[in-house]
Amino acid sequence: MQASSVEIRNVSKFYGPFQALRDVNLSIPPGKVTCLIGPSGSGKSTLLRCINFLEDYSAGEIRIDGRMIGYEAPGRRMRGRALREMRRSIGMVFQQFNLWPHMTARENVAEGLIRVRGLSRPDAAGRAADALAKVGLADKMDNHPSRLSGGQQQRVAIARAIAMEPRLMLFDEPTSALDPELVGEVLHVMKALAGEGMTMVVVTHEMGFASHVADQVAFMERGELVGVDTPGRILHQPEDPRIQGFLRTYHERNSF
Amino acid sequence: MDLLQTYGPALLRGFGVTVLCWALGTLFGMTLGLLIALMRHYGPRWLNWIIQVYIEVIRGTPFLVQLFVLYYGGPLIGLRLDAVPAGLLGLTLYGSPYFAEIFRSGFRAVAPGQIEAARAIGMSEPSIVRRILLPLSLVSALPALVNFSIILTKETVILSIITVPELMYQVSRMSAETFRFVEANLVLALFFWGLVETISRLGRRLETRITKHLLERT
Ligand SMILES: Nc1ncnc2c1ncn2[C@@H]1O[C@H](COP(=O)(O)OP(=O)(O)OP(=O)(O)O)[C@@H](O)[C@H]1O
Ligand SMILES: [Mg+2]
């Protein structure tokens, strides 16, 4: 697998008059895990969604392996086909799983292989089975999402993304909607994926994951990227008072 | 008894025409309604505006008036249609805005995340519509679709006015010729009751099939 790199340069984003991203700069090296942390409403999801252009950005540029996503040139939108082609190699996992409830786990995973990659049904079914086995769900393939636990649903969602053989994976708080006892199984799958050298951008409140798995941690506040460094320097010896404040709140909330 | 012998075949034929007009009118109206809903969903603003005018006009006028305009006014602009095609076109146009609104609220009931998940893996919009948006919006839209189809059965009787030989037309002829108003209208009521009952049964069965996997919870 060949891993992608992402360059985010001077990206700003407005929702009407409200500025959700302020001149964000961030380099995401290939094969590394980058965690995005920060308080609620700081723009983490917005930034993540700009990377695969689910959200457009108002200024600056985001390049994946050197190619700008969403725009042919500054101000000129990319055509749908080109955008879809770029998205094919970017997987995304959502907080709410977003599985398609009318399809079985296997059909969820096979759908993109059939419609986007043009695989035949049997080939797609085979690959879907492989991807599901990889996330430990070989025995749940024929279940509909309504008959899977949250952790299982999220693992299907991960399988759906990795079956497309992406070179970059985006995660938006993949464990936030899960009961505490189900968080581990999802993080486990993500760790394995990181171990294979996948480029990963993970928005998370799991400081343990950020601390142990991330190669770099970026902290955001009010649409601004305040700092990016190794997990040690951001999470254990932060210099910026805003990061210190955030971590203090985090520790207070998580100690009883 | 000989009343049935004399008028039975005509009544049956009339019923056949009614069912056919209803089925095709519903099918075409639903299709046009779906197209309208999709155009409003994806199309540019100016198109949306035109469609809104169309919807207002159709919903704001009685079906009877629309049929008259179509059948008797059509030839003035070179649209010369036989009674049955005119009736079908009328039913289609009449039903389309209602079906469009039903589809639209169905679309709105689909969680945006499920569409985003499809976009994120690079699915094209037509695939998304066919594979995700439509099936999921049917879940919430189906009862209303069935319901409006049932309402349309009753609108078919108006086609008799432009001489479509459907059930109402035959019943009117029978009562005019025999003065047996009660029997004639009893036949009408029975046939419609049967039709409506069948449609709602089919609708319910379809509903259970479609929502089966969405309601199960372990
Ligand atoms: N579609 C939208 N329209 C208007 N404002 C929006 C929209 N989406 C997000 N915002 C605003 O942009 C800001 C950043 O939102 P974002 O979802 O990126 O935050 P976040 O860091 O992911 O927060 P959380 O941890 O709660 O998920 C918030 O103030 C939010 O209210
Ligand atoms: Mg968020």
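User: How many salt bridges does the rule find across the interface of chain A and chain B?

Analyst: The rule finds 2. This is a predicted model, where local features need pLDDT of at least 70, side-chain atom pairs count only at pLDDT 80 or more, and totals for chains, interfaces and linings use all residues. Side-chain values use heavy atoms, without hydrogens and water, residues are numbered from 1 along each chain as its sequence is written, and chains are lettered from A and ligands numbered from 1 in the order in which they are written.

User: Why is the pair Glu116(B) and Arg49(A) called a salt bridge?

Analyst: The term asks for a side-chain nitrogen of Lys or Arg within 4 Å of a carboxyl oxygen of Asp or Glu. Arg49(A) and Glu116(B) meet at 2.6 Å, N to O. The pair therefore qualifies.

User: Which elements of chain A supply at least two residues each to the side that touches chain B?

Analyst: They are α2 (80-87), β8 (90-93), α3 (105-115) and α5 (150-162). Helices (H or I, at least four residues) and strands (E, at least two) are DSSP runs, numbered from the N terminus. The largest share, 3 residues, comes from α3(A).

User: What area do chain A and chain B bury between them?

Analyst: About 2,200 Å², 59% of it on carbon and sulfur atoms. Buried area is the accessible area (1.4 Å probe) lost on being put together, summed over both parts. Trp100(A), Arg115(A) and Ser146(A) supply 25% of what chain A buries against chain B.

User: What makes up the secondary structure of chain B?

Analyst: It comes to 8 helices and 0 strands.

Conventions: Buried area = accessible area lost by both parts, 1.4 Å probe.
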